[in-house]
Amino acid sequence: MEKIRKNKKIILGFLLPAFIIYTCFEVLPVIMSIYFSFNDWSGIQAVPLEYVGLRNYIKIFSSPVFLKSLQNVLIYVVISVALQVPIGFALGLIIHHFDHGQRFFKAAFFIPMILSVSAVSLLWNFIYFPTEKGILNSFLIKIGLSDLTQQWLVNPKTSLMALIIVSTWTSVGYYMIICMAGLSTISDSIFEAGALDGVAGIKKVWYIYIPLLWDPIKMSVIMVITGVLKIFDTVYILTPSGGTNNSTIVPSLLMYNESFRYSHYGIGSAIATVIFIMSALVSVFSLKIMNKKESIEY
Amino acid sequence: MKVKGRKKKSIKSIIAFLLFLAFAVINVYPLVFSIFCSLKGNLEIFSSFTALPKHFLYENYITAWKVGNIGKYFLNTIILAAGTLFVSGFFGAMAAYILARFTFKFKTGIYLYFITGLMIPIQAVLIPLSYIFGKTGMTNNYYMLIMLYSAFCFPMTVLIMTGFMNNIPTELEEAMIIDGATIRQVFLKMILKLSLPGMISISVFNFIQVWNNLLFPLIFISDKTKGTISMGLLAFFGEYSTNYSASMAGICLTTIPVIIIYVLFQDKIENGLMSGAVKG
């Protein structure tokens, strides 16, 4: 057996298929993308790449649209973390305490998560429909708040928030499930001990649940951040050009438009590289945080 | 003590329960509303988005199915997903088996090499790949797309499956080897079977990735008849942007099967998606 476990033929034979596919289709393209970002290419196959040094990076970092896209994605990240994690965990805590209907409630909040992003975004397109017939607008008129009706996706003041709401609607169910999975690992004796000590209400959430669920909470925050940094689908479908005055432009959409609409492949690659570096930094940083075991033993 | 507390709280908790129920219903309302709209005429939609349909117009579904080619897109997506699940699942499990059980130089290095892929966003590979695919005429090629999707499924698959296989007792393998089985037989007949729960979870996770992916088909599929569901829905919506009821029917045609599958396999799907939560 020990001999077999060191047999190089077996090791290579089993390992190579995955290794080759992964290297050719994921790792090498990333390296090429970084190389592309130091070149200019018009998208025409016959025209060769032209080396331009750091020019693409200088261009994007002095471009107000790119800086705006960074600002938007930062706002997107901060608000998404502030909405998705607390709402998701609150839902999880509430549903966990119900004796009946747990499956129904879980389904009600989780289903948006598994629907295709296109379907979800097109659906919200109807909710944000710009005329007074739109669902949101007609609802506002019905309850007597007709002053608040908006062209939600057109108005630069509301468009980014409108997109964040769509992302939140789709994702809270996921954090709810993570919360419930975390809760199922906590033994009841802790809560009974807490009840004897008279801990209840908000105090119970603050002193018992949050410390006990600290690991899933940290993990959820990291997942929201890495997910939102590369957000594309929702933004692309609801505001294909990045909104009025670039109010909803995000780096991924800008990269897509620059490369596949305007054939500025060098600029596109530079933006792609920036997105990659941001995701990588967050991942490495988060690995460090997760590996620090600070959770309290009970 | 517990019983007394319950009685006291009962009315309060019923009210809380009802409020929460209302909130849950509001949350699924957009889905209900899409079904209503898909059964209405265009004029009826615009007279009021929110009312119940007066007559059920099933024609919208027929339009979406025929003109929107939803059936074809569905099939295409299923083919791509099935191919990806097979390639990433089978080869991923093979690699995971080696990483979990064998000893060789650079083992940790290779494991980390796979895991590093988790931090690579798909945006980072689009431009070079479209360059290469364009140059070699591989656009619209499903084999290449399956390889591409699989490449992005490997990191999570290797991570989950290596963890899973580490927990399979080694004695079973040793017994099979002593009985004269080859390592290939051990892998196919025992390891894969015992890893089935993990394989199901990771397959659900990978399936959702393929199902939801919009960027890959948008860039690597130019032939309309080869489009995926997310892309097809967008195209249909673009062409029929004035026919709202048919668009809604198109949306429903893609969401309803997913909802039915979810209701049938709720626990498996939730667990599968949870496997994504171990990353970080």
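Colleague: Which are the buried residues of H12(A)?

Modeller: This is a predicted model: local features need pLDDT of at least 70, side-chain atom pairs count only at pLDDT 80 or more, and totals for chains, interfaces and linings use all residues. Residues are numbered from 1 along each chain as its sequence is written, while chains are lettered from A and ligands numbered from 1 in the order in which they are written. H12 of chain A spans residues 251-261 (a helix is a DSSP run of H or I, at least four residues, numbered from the N terminus), and a buried residue has 20 or more other C-beta atoms, placed from the backbone, within 10 Å of its own. Those in H12(A) are Pro251(A), Ser252(A), Leu253(A), Leu254(A), Met255(A), Tyr256(A), Glu258(A) and Ser259(A).

Colleague: Thanks! Which helix of chain B do these buried residues pack against?

Modeller: Contact means C-beta atoms, placed from the backbone, within 7 Å. Within chain A, the partners are H3, H11 (233-238) and H13 (265-291). From chain B, the partner is helix H6 (123-136).

Colleague: At what angle do H3(A) and H10(A) pack?

Modeller: H3 covers residues 64-97 and H10 residues 214-229, with their axes 9 Å apart. Axes are lines fitted to C-alpha atoms over the stretch in contact, and angles run from 0 to 180 degrees between N-to-C directions. The angle is about 145°.

Colleague: And which helix gives the most to the side of chain A that touches chain B?

Modeller: The contact takes 70 residues from chain A and 71 residues from chain B. With 16 residues, the helix of chain A that gives the most is H1 (residues 8-36).

Methods
Two residues are in contact if their C-beta atoms, placed from the backbone, lie within 7 Å. Helices (H or I, at least four residues) and strands (E, at least two) are DSSP runs, numbered from the N terminus. A residue is buried if 20 or more other C-beta atoms lie within 10 Å of its own, exposed if 12 or fewer, and partly exposed in between; C-beta atoms are placed from the backbone.
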